[in-house]
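Here are my notes for a colleague opening this one for the first time. Have the sequence and the model on screen as you read.

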Amino acid sequence: PGAIRFRAGEASALPASVSPRRRWWHGGDSAAPRGGGAKKAVLFFEVEILDAKTREKLCFLDKVEPQATIAEIKNLFTKTHPQWYPARQSLRLEPKGRSLKDEDVLQSLPVGTTATFYFRDLGAQISWVTVFLTEYAGPLLIYLLFYFRVPFLYGPRYDFTASRHAVVHLACACHSFHYIKRLLETLFVHRFSHGTMPLRNIFKNCTYYWGFAAWMAYYINHPLYTPPAYGDEQVKLALAVFLFCQLGNFSIHVALRNLRPAGSKTRKIPYPTRNPFTWLFLLVSCPNYTYEVGSWIGFTIMTQCLPVALFSLVGFVQMAIWAQGKHRSYLREFRDYPPLRSPIVPFLL
Amino acid sequence: MSRVFLTWAVTHSVKEVQTEDSVLLFVVAWTITEIIRYSFYTFSLLNHLPYLIKWARYTLFIILYPMGVSGELLTIYAALPFVRQSGLYSISLPNKYNFSFDYYTFLILVMISYIPLFPQLYFHMLRQRRKVLSHTEEHKKSE
C-alpha cells in the first residue's frame, strides 16, 4: 500500500487466448504511464469480482477511486453483467462472509490495493413497497367480498344479504380500518432500510395474509355466526383494546420515522416522546409489534372466532422472532442500550 | 409423519377398517422397510456396512414404496364412509367459537396430496440409488 500501481499497455494487450466467457473489462485507459512527473500521487484501487461458488473471475475494474462506495462498484459491475442489477448483488470479502453494505467505502475495507470481492446472486428482487401494498390490499378486498356475501361463498339464498348482528358490521369496519391504515403507512410513513427483498417472498407473504383473511372473513360473516358470549360488554371492551392498540402502533411508526431523516438509513436508539403511547419504549424494544398483537387480541375477543385467535398466535410468533432479532442488533450496535427493555413483551419475552 | 397419521388418525380411530387387507399391505411394507433401514443406520454408525444391506435399502423400496402407498390410500378410502356417517373429528357451525372442520374433506385432501408428493420422493430415491450404488461399484473396481 502506498505504491502507485499502473499497468502500462495492458488495456491493449489482452492475451489472444481469453475466451469470450471470461471477458475482462478495463475501466479507463491505463496505457499512458503515470510516472514521477505526476503532480499528486493518487492511489487508485483495482477491484476483481469472483463468483463465490465457482471462483470464476467475473469482472475486473481498474482505476477505482478509493472513496468509491460498494453501491458504485455494484453499478460498475452491472455494466458488464446487466442481468444482475445492483439490488440482486451480494458482494462480500469472503465467499461465505456477510454482505458488504452499499454505504461501505472501498478504502475503509480490509483490502489491499487490489480488492477481491466474492459475488452471490440474490435472485430476482422486488421492492418492499410493492410487496407491502399487494399483501395488504388483498385482505382488505377479500374480507369485503365475504362481508357483502358475494355469490358462491355461502349458499345462494344468502347472496348479498346482510348480517343481523351489529358486531359483524363493527368487525368489518375494524378490519378494513386496520388494512387501510397499513396501506397508508406504507405509502407515507415507513422509511425502509432495504429497497428490495427476494421475489419469492411476495408469493409466500400473500398466501399467508390473503389465506388467513379469507379464512377469518368466512366465519365472521357466515349466516350461522354466533356473536360473543358476553354480548355488548365483551364487544365494547374488545373495541377499546383494538383502538388503543391501533393508536399505539401508529404512534410508534411515526416515532420511528422521525428518528430517521428522509433518504437516509441511519439507525438510532428509539426513546419515548411526549406521546404517551411511545412510553412503552421504556419497557420494550419493538412496541409496534406489541401493539399489533394487542390489536389482534382485541379483534379476537370482539369476534370470538377461533381462526382469528390462530391468526393472532401465528402473527405473535413471527413478530416475537423479529423483535428478538431487532433487540439483539440494537444491543450489538449500541453500548448504552437501556437494559430494562425486552424485545416484545415487557419483562417476559 | 404419515406413519403416525395412518396408524392413529385413520386405522386406530376408525375401527371398522382394521380388518381390511389394505392394512396388512402397508404394515408388511413398513415392517420390511424399517428393518432394512435401521440396520443400514446401525451398520453405518459402526462403520461396517455390508453391501447387501446398502443394496437392499436402495433397491427393495422400488417395490415396497408403491406397496405401502397403495395400502395407505386404500385404507383411507375405506375409512371415508364411516367418517362421513359418524362425523368423526368434525365440528360444524353454529358453535360459540365460530369454527368448523370437516375430517371427511380433510382426508380427501390428504389423498390428493399423495399425487405430487409420491413421485417426488420416489424419483429422489431412484436418483440416490444411482448415485450410491454406482459409487460402490467404482470402489470395488479400484480394489
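The numbered points below go from the ground rules to the chains, the contact and a few single residues.

1. Ground rules. This is a predicted model, where local features need pLDDT of at least 70 and side-chain atom pairs count only at pLDDT 80 or more, while totals for chains, interfaces and linings use all residues. Residues are numbered from 1 along each chain as its sequence is written, chains are lettered from A and ligands numbered from 1 in the order in which they are written, and side-chain values use heavy atoms, with hydrogens and water left out.

2. Chain A overall. Chain A has seven helices and six strands (DSSP runs numbered from the N terminus: H or I of at least four residues for helices, E of at least two for strands). Following the sequence, their order is β-β-α-β-β-β-α-α-β-α-α-α-α. Of the 349 residues in chain A, 43% are buried (under 20% relative accessible area; exposed is over 50% and partly exposed is in between, with a 1.4 Å probe and protein chains only). Take the contacts in chain A with a separation of 6 or more: 73% of them join residues 24 or more positions apart (a contact means heavy atoms within 4.5 Å).

3. An annotated domain in chain A. UniProt, in an unreviewed entry, puts "domain: TECR-like N-terminal" at residues 45-121 of chain A. Its positions are given in the numbering used here, feature names are shortened, and annotations may be inferred rather than shown by experiment. In the model, that span is 14% helix and 35% strand, and its end C-alpha atoms lie 24 Å apart.

4. A residue to look up: A:Leu50. You'll find A:Leu50 in strand β1 (residues 45-51) of chain A. A:Leu50 is buried, at a relative accessible area of 9%. A:Leu50 and A:Phe316 are 266 residues apart in sequence and 41 Å apart in space, C-alpha to C-alpha.

5. Where the chains meet. How many residues does each chain bring to the contact? Chain A gives 11 residues and chain B gives eight residues. The size of an interface is often given as the accessible area lost when the parts come together. Here the area buried between chain A and chain B is about 870 Å², with carbon and sulfur atoms giving 61% of that (buried area is the accessible area, with a 1.4 Å probe, that two parts lose on being put together, summed over both). On the chain A side, A:Tyr219, A:Leu224 and A:Gln304 lose the most area to chain B, together 52% of what that side buries.

6. What kind of contact. There are zero salt bridges between chain A and chain B (a side-chain nitrogen of Lys or Arg within 4 Å of a carboxyl oxygen of Asp or Glu). Six residue pairs, both at pLDDT 80 or more, are in polar contact between chain A and chain B (a pair of N or O atoms within 3.5 Å; within protein, one must be able to donate a hydrogen and the other to accept it, and residues adjacent in sequence count only if both atoms are side-chain atoms). On the side of chain A that touches chain B, the elements giving two or more residues are α4 (200-220) and α7 (306-333) of chain A.

7. The UniProt annotation "transmembrane region", from an unreviewed entry, covers residues 23-46, 58-83 and 103-123 of chain B. Residues 23-46 of chain B are 96% helix and 0% strand, with the end C-alpha atoms 34 Å apart. Residues 58-83 of chain B are 96% helix and 0% strand, with the end C-alpha atoms 37 Å apart.

8. A loop residue: B:Asn95. B:Asn95 is found in the loop between α4 (61-86) and α5 (103-142) of chain B. Is B:Asn95 buried or exposed? B:Asn95 is buried, with a relative accessible area of 15%. A polar atom of the B:Asn95 side chain lies 3.0 Å from the backbone nitrogen of B:Tyr97 and 2.9 Å from the backbone nitrogen of B:Asn98.
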